[in-house]
Amino acid sequence: MKKDYTTLKITLVVLISLFCFTYGFSQTIKGIVIDEDKVPLEFVSVALLQPKDSMLVKYTSTGQDGKFELSEIKEGTYLFQIYLMTYQANQRILKVENKDIDLGIINLKREVNKLNEVTINAVVPIKIKQDTVAFNTKAFKVKQDDNVEDLIKKLPGIQIGTDGKVSAQGQDVTKILVDGKEFFNNDQTIALKNLTADAVKSVQIVDEESDDARTTGIKDGEKNKIINLVLKEGKKSGYFGKMGAGIGTNDRYTTNFDINRFTSKTQLAVFGNLNNINNTGATIFRRDGSRGSSNSGFLTTGTAGANYNYEFKKDLNFNIDYNYGYSDNEQEETSKRTEFTDDKLFTSDRDNKSQNVSNNHNVNFSLRDRSKKGAYLEFRGNFRKDNRESNSSNSTVFYNENELEDTNSERTASSEDDRNNGGLNFSYRKKINEKGRNIRVRAGISFVDNNDMNYQESLNKFNISDAINYEESNEITTRNELNKSLKYNASFRYMEPIVPHHFISFSSSIDNEKSDEDLNQIKNINLIEQNPLIYSLDYNKQVFDNQLGYVYSKDKFQLYISGALESMKQKLDLDNIKVIDKTYDNFLPRATASYEYKKGKRIRFRYNKSTSLPSANQVSPVINDFNPLYISTGNTNLTPEESDNYNLMFYSHDFKNANSFFSFFSYSKTTNAIVFSRSIDDNYIQYSTFENHGSKSNIRGHFNFSRKIKKIGFRYNFSISGNANDYITIIDGEYNKTKSKGANFNLSLSNENKNNIDLTFGAKYGLNKTTYSLQDRDRDYFEQNYYSKVDFDITNSLNFNTQFDYTLYTDNNFDSQNVPIWNMAVEYAFLKGKRGNLKLQVLDILDKNLGLERTSNENYFEETYKKNLGTYAMLSFTYSIKPPTGKESKRGSNNRGWRHRH
């Protein structure tokens, strides 16, 4: 272990030294930008580019005083550029020597109708306009086979987290559009993984206002961060995409393709892939070099899909997509669990093998009409069909407090499931007059239709350590279960202006859910057939809500205060006999305040009171004993939970330095909480139900800060998140108070200029402290993860990249473990226009991926090891398809220079 720490320290020192050596000798360029009236200009893009190919070297924007500063500039000749929308571009060749440069005052002139040659040929890397920041992809180097994910991670202010989520300017991106249109039902993974970077002309980061605000013109403080991919004109004639295949050791393989045809009116995209390397669209390592999911087991996946979008006229679009998914997931795992009650403690070992096969079909469509000013109509639908088959076998051994084997269970199970669901949603918004009177109508309907066939056979041996009381139970069970549900909702809102900026809002809504369950279960115990379990259960929930609110909206500040009268109805029938028929009335206050005191800086507070009816499973009086060791039933006496929810958000983004700060805090307290009630008998059979008891609370917080470090040339991203949960469970009639506190820290550093080399290294720490009032079995868990990535273009055709990830697990209930994982790859681009890409990669070189997972719950903690792919090598080839008019990518292109004409 000590040796591992020494190696880690040496690695970090070498990487830091490399950064310092690379960027240690640099100069600064500064100045002030004003207009023709000598007024300082804010948000002016200031860029330094390579003259030969217009690749971005450094970027900033002016502050409120018109000042700018570019630092960490090495000696050389550059293209210096200043640009602001509606102004003429100011460009010059700038020679940087061993001294700082002060350009003094720079005047920008208003743009005239006919742009001069300098403006036409300019490669403006970044443009800022109102709520949009646009990046010109010509200023960023991408490889021939790079996808959109590879491109956007090079852009200032955009990160891709270890969970695959995209954030821009410190906020999560909610959707990715292509030429302003939806793409595969806003599935970000498909857009990131299947669109080629070479097809994109510009990446736009947009602060998109809500549909209500855009339609009515009344700001509500709601903004979502979205990304819009603007395609190159050359990609809108003919087809483009790529196809590839790979073969590896241990019988590993992968194939993939994507073909796209876009025009000004239509978008057609088709993609597919098949592999057995646990790739579901993500990668074993994230783009920053850190490990994402555990990638355990042996997963074969195949997907294929198509997306079509048609624009009838401007802002009137129809979109439909279909995708098919196949997965075959085989798992082999061993786990050790420690469980406790008020007066006993026992452990168990479990070996499990399983196979789950899924074939699913998915269809999504939408019609969006924003073509008429002051009106917006939207119609959406989705349907999914999923056929599943599963088989599993497990062996569980329970040990008593003397560590003697007491119960042994051998169990096999299988299922065949046919699951179908879908829904339709409609919304219409209309601005009635210029003063702000408006209406909104929404409606939706959805269904679930599942048919599950289940089988299990188990041999349970009890009291093994006590020969006198030893007994066996051999159970065979078949279970046919039909579950259907139908939900519908409708709402109407009317908003009336009182005086300028002040409004009264009235809304009314209804939500109805009806679910039916039909079950037929046949059980044999020790070859004796039991009475069959046959029943029909009907459950209905209905919620009416009438709300009156006050709205204030002016420029930077918005306030919304309302109160709602809610009526909830709950009915449950078992075999046509009424079991539950209850009505609840509630008053629900709500408040929201938003303040955007400057472009890119805002704060928002929310409060709402909510209620929640128990689910059908929680109130069902029928005993579920399909698994003879885990028996459950509901509680017909349950009543709704009530929650008070508080939320505070602060966001700040500095466009000048691309520094961002985002913080989020929430607190929720639930009274009359629905809690688990469990009991464990002497044979380790667990019985569970639900009860209303006391309260539970949850506190969450998140802090993220990204900043460029001057004089060194790299950026750090620091985030902290934490949560605290306080809840109660009932174990053997005793109240177990559980308090869980957790925190995660992440610090990453990466170089700013990624044109030739991309370096990233960082560390993540996760800790958890859980205390239980039953027995002295607290949990202290600490996870350390150190990661690094090097991606180096040796030449225009040859690339080397490697990632190293080192994780240490420390837990007071288990032995410490360390898991080093190392990947490496070499890529070579060849053929005309660099259309061919040959890649050799070796994954998990050290063969140390343990597939380790550690979890804890209200009365147990568990450690699980899952088998995985292990070490393998793969050789793959990818070929890029380009339209006849398509231009070459940045890599290998010889005609990308900037030309200055007089």
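D780 is partly exposed in this predicted model, with a relative accessible area of 34%. Its side chain meets that of K769 in a salt bridge, with an N to O distance of 3.2 Å. K769 is likewise partly exposed, at a relative accessible area of 34%. Because K769 belongs to strand β40 (residues 757-772) and D780 to strand β41 (residues 779-793), the pair ties together parts that are eleven residues apart in sequence. Salt bridges with shared partners also join K175, E208, D211, R214 and R370 into one network.

A search of the whole structure returns 48 salt bridges. One of the salt bridges is formed by R606 and E222, whose closest N and O atoms are 2.5 Å apart. This pair links distant parts of the chain: R606 sits in strand β30 (residues 601-612) and E222 in the loop between α5 (211-216) and β14 (223-231), a separation of 384 residues. R606 is partly exposed, with a relative accessible area of 29%, and E222 is partly exposed at 24%.

A further salt bridge involves D417 and R419, with the closest N and O atoms 3.9 Å apart. D417 counts as buried because its relative accessibility is 11%, under the 20% cut-off. R419, in contrast, is partly exposed, with a relative accessible area of 25%.

Negative charge also gathers in a patch on the surface, made up of D342, D343, E401 and E734. D343 counts as exposed because its relative accessibility is 60%, over the 50% cut-off.

Notes. Residues are numbered from 1 along each chain as its sequence is written. This is a predicted model: local features need pLDDT of at least 70, side-chain atom pairs count only at pLDDT 80 or more; totals for chains, interfaces and linings use all residues. Side-chain values use heavy atoms; hydrogens and water are left out. Patches are made of residues with over 30% relative accessible area and no salt bridge: like charges are joined within 9 Å, nonpolar side chains (Val, Leu, Ile, Met, Phe, Trp, Tyr) within 5 Å. Accessible areas come from the Shrake-Rupley method with a 1.4 Å probe; for residues, only the protein chains shown count as cover. A salt bridge is a side-chain nitrogen of Lys or Arg within 4 Å of a carboxyl oxygen of Asp or Glu. Lys and Arg count as positive and Asp and Glu as negative; His and the chain ends are not counted. The place of a charge is taken as NZ of Lys, CZ of Arg, CG of Asp or CD of Glu. Buried means under 20% relative accessible area, exposed over 50%, partly exposed in between (1.4 Å probe, protein chains only). Helices (H or I, at least four residues) and strands (E, at least two) are DSSP runs, numbered from the N terminus.
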